[in-house]
Amino acid sequence: MTDFQIDQYLKRIGAERPHDLSPQSLMALTRAHLEQVPFEVLEMTEAHTEPSLEPEALFEKIVTNRRGGYCFELNKLFFLLLEALGFSCYPVGVRVLMGRPEPRAISHRGIVVCFGSEKWYCDVGFGGQGPKGILSLSDSGVQALTYESFRVLREDSGSYVIVYLDGETQTRMLKFRDELWLDVDFALLNGYYGSHSRSPFIQRKILYLCRPQGWISLVGDTFTEFRCGTATARTVTEAEARTLVKTQFGLHIPQWD
C-alpha cells in the first residue's frame, strides 16, 4: 500500500496517521473503521457477483467507491493498512460459534496484532453481535466495548474463545488458534461464502455499522438499533430498507438506480 493509498484510506475512515504503534492507536483506527465502513453483502445479494480479494479491487470498492464488504474483504484491506503503518500483525481463521453446537467450520477472517509479547484480537468485519473493537488475548477478565462486554478464554487445545456477556448469560461467539493463515486459505472460503447457494451471505441483506454509542443493523426486513445497551427492532418494507441503506449506512447501490 503506497503512502497515497494510506492517506486516502485514512481519509475514508476519518482517522489520522497514528503517532505511535500502541493498543490505543490500534483501537482508535479500529473504531474509526467500524463507524465509517459498514459490514454489507449487497454485492452478492444485488449484483450476484463473488467479491474479489485482490488488493487493488478491495481498495477501489471500499475506499474509492465508499462501499463496505464482509470479513474476507474488510479484514484483509484493514490488515494491509495496519501492515503498511508498521503494526506487527497477521490474519487468523476463525470459527463462528454464536452459542451453537461445536465444532463449527472456519468461516471468518480475523487479525492478531502484536505489541512485544502482548497480543490483541482485532476485527472490523464481523457482521453480527461480535466485538466492535480490539480485545486483549492475555486478559481473561471482562473487557468492555461500547456498552457490550466480552471475555477471552484460553482453552487446553491452545485455542482462544471470545465469549459475549449478557448479564449472567455467557455465549461462546468466536474461536481461533493463534496461527497465521494465508491468502490462499481465505480465497477458498471466499469462493464458497461468496457464491454458493447455501451461503448465508447470499440469502438476504445483512448490514452492520457501528455508532459511538452502539450499532445499527439491517438483516432481511428487520432494522435494529442498539444504543447505550438497549436494542430496538422494527420490520421494514423493501422500499424502506433501500432508503435505510442510503441514509443510515451511507451506501450507493448501482443496481437500485
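Leaving aside its neighbours within four places in sequence, with which residues is L29 in contact? I began my notebook with this point, working on a predicted model.

**Entry 1: L29 and the core**

I looked up L29 and found it in contact with L10, I13, A15, E16, P18, F78, L82, L85 and F87, once its neighbours within four places in sequence are left aside. I then looked up the largest nonpolar core, which has 32 residues. L29, F78, L82 and V113 are the residues with the most contacts inside this core. Two or more residues come from each of α1, α2, α4 (55-64), α5, β3 and β4. Helix α5 gives the most, with eight residues. I noted another core lying apart from this one; it has 19 residues, including V96, L137, F150 and Y164.

**Entry 2: helices α1 and α2**

I recalled that two packed helices are described by the angle between their axes and the distance between the axes. For α1 (residues 3-13) and α2 (residues 23-36), the axes come within 8 Å and cross at roughly 65 degrees. On the α1 side I recorded Y9, L10, R12 and I13, which meet L29, A32, H33 and Q36 of α2. Of the residues in this contact, five are nonpolar, two are polar and one is charged.

**Entry 3: the sheet of eight strands**

I traced an open, antiparallel sheet of eight strands in the order β5-β4-β3-β2-β9-β8-β7-β6. β5 (134-136) and β6 (143-145) each have a single partner strand, so one side of each is left without a neighbour in the sheet. Neighbouring strands are turned by 35 degrees against each other on average, direction ignored. V94 has F176 in β9 as its bridge partner.

I also looked for helices lying across this sheet. Helix α5 (residues 71-85) lies across β2, β3 (106-115) and β4 (118-122), at about 15 degrees to β3. Helix α6 (residues 183-193) lies across β2 and β3, at about 145 degrees to β3.

Which residues of α6 are buried? I found F186, L189, N190 and Y193. They cover an arc of only 105 degrees around the axis, and therefore lie on the same side of α6. I set beside this the rule that an α-helix has 3.6 residues a turn, so residues three or four places apart point the same way. The buried residues of α6 pack against α3 (42-45), α5, β2 and β3. On the face turned away from the buried side I recorded the exposed residues V184 and L188.

**Entry 4: the sheet of five strands**

I traced a further open sheet, of five strands in antiparallel pairing, with the order β1-β10-β11-β12-β13. At its edges stand β1 (39-40) and β13 (230-235), each with a single partner strand. β1 pairs with β10 (residues 206-211) over two bridges, in the antiparallel sense. Here F39 stands opposite Y208 of β10.

**Entry 5: backbone exceptions**

Most residues other than glycine have a negative phi, and most peptide bonds are trans. I therefore listed the exceptions below, starting from that rule.

- The bond between E102 and P103 is a cis peptide bond, with omega about 5 degrees; P103 lies in the loop between β2 and β3.
- R66, not a glycine, has a positive phi of about 55 degrees. R66 is in the loop between α4 and α5, and counts as partly exposed at 43% relative accessibility.
- T146 has a positive phi near 50 degrees, and its place is in the loop between β6 and β7 (148-154).

Technical notes:
Residues are numbered from 1 along each chain as its sequence is written. This is a predicted model: local features need pLDDT of at least 70, side-chain atom pairs count only at pLDDT 80 or more; totals for chains, interfaces and linings use all residues. Side-chain values use heavy atoms; hydrogens and water are left out. Two strands pair if DSSP finds at least two bridges between them. Helices (H or I, at least four residues) and strands (E, at least two) are DSSP runs, numbered from the N terminus. Axes are lines fitted to C-alpha atoms, for helices over the stretch in contact, and angles run from 0 to 180 degrees between N-to-C directions. Contact means heavy atoms within 4.5 Å. Ala, Val, Leu, Ile, Met, Phe, Trp, Tyr, Cys and Pro count as nonpolar, Asp, Glu, Lys and Arg as charged, and the others, Gly among them, as polar. A nonpolar core is a set of buried Ala, Val, Leu, Ile, Met, Phe, Trp, Tyr and Cys residues joined through side-chain atoms within 4.5 Å. Buried means under 20% relative accessible area, exposed over 50%, partly exposed in between (1.4 Å probe, protein chains only). The arc is that of the directions from the helix axis to the C-beta atoms.
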